[in-house]
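Take a look at the model below.

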Amino acid sequence: MRTICVDEITRNIKEMCIEANHYLTEDMKIALNQAANAEKSPLGKQILCQLEDNLKIATEDMIPICQDTGMAVIFLEVGQDVHVEGGLLTDAVNEGVRQGYTQGYLRKSVVRDPIYRENTNDNTPAVIHYDIVEGDQIKITIAPKGFGSENMSRVFMLKPADGIEGVKNAILTAVKDAGPNACPPMVVGVGIGGTFEKCAFLAKKALTRPVNEHSEISYVREMEEELLQKINQTGIGPGGLGGSTTALAVNINTYPTHIAGLPVAVNICCHVNRHCIRVL
Amino acid sequence: MMDKHITVPYDEKTARELRSGDYVYITGTIYTARDAAHKRMYEALEQGKELPFDVKNSVIYYMGPSPAREGRPIGSAGPTTASRMDKYTPLLLDLGLKGMIGKGKRTDAVRQAIIRNGAVYFAAVGGAGALLSKAILSSEVIAYDDLGTEAIRKLTVKDFPAIVVIDSEGNNLYETAIEAYQEA
C-alpha cells in the first residue's frame, strides 16, 4: 500500500490545467505541420500556418491556445494499492481545477445549472472518470474540452444489421454536419460498442490517444485510415473554408456490446486537441 | 478574392464592396457579444429599451476572451460558433448592424437579413485565440459586467484578420469553397 496526499493531487491538477491550455503535445504539433505542408488550398495552407504561429505565441507569451479553455475532463486511473490521504479525492481534483483556472488566467466557462446558467466563476466542477487499475500509482489525464466541437458530437444507436458500413456512414455524417462549426482540422474520437454511455466514454478517451498511433485491432486500424482519407475528401478544409485537410486523425476504440445493439459515438475535437498526462 | 483593408464602423456602400472569399484586415472599433449578451439585448429590445451601444453601421465579434494578464489588453480572443446567435441576429441586422465576426454556418434567415440590409458575415480562424489577440489594442467592458467573459466589450482592433464568408449578395464561402476541394 502506497500513500498519496490529496495536496499532491491538487498541485498536479492545477499545473496540468495550465499546461494543457498553453502547450499541445508533440504528436499534435507534428500533425499540424505535416498538414500545413500538404494542404492543397492556398487559403487552407495560410490558415494552417496561422495555427502553427498561434501555438508558438501561446507558449512564448503564455496566452491560452484558444479562449475556450474548456470544461475540464479528467480521467483518473487509480491503482488499487494506493491509499489517498488528507481528504476526498474528488474534492482534491476540483480544488486543482479551481486553482488552475483562477490563477492561470483561464476562462471560466462552467455554469452551475444547465437551465438557469449561473457561472460558477472557477470552472468547477470537472467531469471526472474514475477507473480502478492494478498497481500503486495514479495516472491523471486532463483533457480540457471546448464546446464548439463538443456541440457537434453525436451518438448513433445503430442496428447490428447496419454493420461496418453503417458505422462508417455515421462517422462521416457527424463530420459533414459539423463542418466549419467544429474548427477543422478536427481530431475524430469514435467509440463503437458497449452501451449508450459507454460508447460516448470510449469516444472521449480515444481523443487522448496520440494522433500518430493506430488501434491494435487490424480491422479498426484499417477503418481509421479509410475514414481519415474519406473525411479529407469532403473538401471542408481548414476553418471549413475549403481544402484537403479536414481531420488530422480518426481514433477508434471498441468494446463488447449487446446482441441487439451497435452503439456508435463520435466525439469531435477541434485542432486544439489538448491533453496532459502525469503519473503519480 | 483579394486582400482588403477596412475601417469600422462602415456603411452599406463599403459592405457591398466586399466579396465572399475576400481576406480582410479590420481596423477600428468593434463590440463583443455572445450567447448571454445577445439574449439580454434581445429582451431589452422586446421591452422597448435602448441597446448598450449603437448597432447602426457597427460590427459585432462573437467572442468571450480568457482573462488578460497584467499589462495586456486581453487574453486569448478567438471567435465562437455563430449559429447560436442566429435566433437574435436578423433583428440586429434590421436595426443597422453591418457586420458579424464568428465561425461556422448561419441559418437562411440570417443570410436573408444580410442580403436585405447589405451586411457581411466574416469568419476569423477558430482556435487561433492567441494569434488574434495580437490585433486587439484595447478592451473595455461597456455593459453586462456580471456576465464575466460574456459581457459586452468595446474593442479597438488594428488589422484584425478575417475572411468574408457571406457577402451582401448572399454568396456563401462555406458552400462554394468546399465544392472546389471535394473529391469522389
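This is a predicted model. Begin with chain B and its contacts. Count those with a separation of 6 or more.

Now look at the secondary structure. Chain B has 6 helices and 7 strands. Follow them along the sequence, and the pattern reads β-α-β-α-β-α-β-α-β-α-β-β-α.

Next comes the overall form. Along its principal axes, the C-alpha trace of chain B spans about 50 × 40 × 35 Å. Its radius of gyration is 16 Å. A compact globule of 184 residues would have a value near 16 Å, so chain B agrees with that expectation. As for burial, 49% of the 184 residues of chain B count as buried.

What lies inside? The largest nonpolar core holds 136 residues. Six of them touch the most other members: A:Cys17, A:Ile142, A:Val188, A:Val190, A:Val266 and B:Phe122. Strand β7 of chain B, residues 152-166, gives the most to this core, with 9 residues.

Finally, pick out one core member, A:Val188. Which residues is A:Val188 in contact with, leaving aside its neighbours within four places in sequence? They are A:Ile171, A:Val175, A:Ile231, A:Ala247, A:Val250, A:Val266 and A:Ile268.

Terms used
Residues numbered from 1 in each chain as written. Chains lettered and ligands numbered in written order. Predicted model: local features only at pLDDT ≥ 70, side-chain atom pairs only at ≥ 80, totals over all residues. Helix = DSSP H or I, 4+ residues; strand = E, 2+ residues; numbered from the N terminus. Rg over C-alpha atoms; globule rule 2.2 N^0.38 Å. Buried ≥ 20, exposed ≤ 12 C-beta atoms within 10 Å, placed from the backbone. Contact = placed C-beta atoms within 7 Å. Core = buried A, V, L, I, M, F, W, Y, C linked by C-beta atoms within 7 Å.
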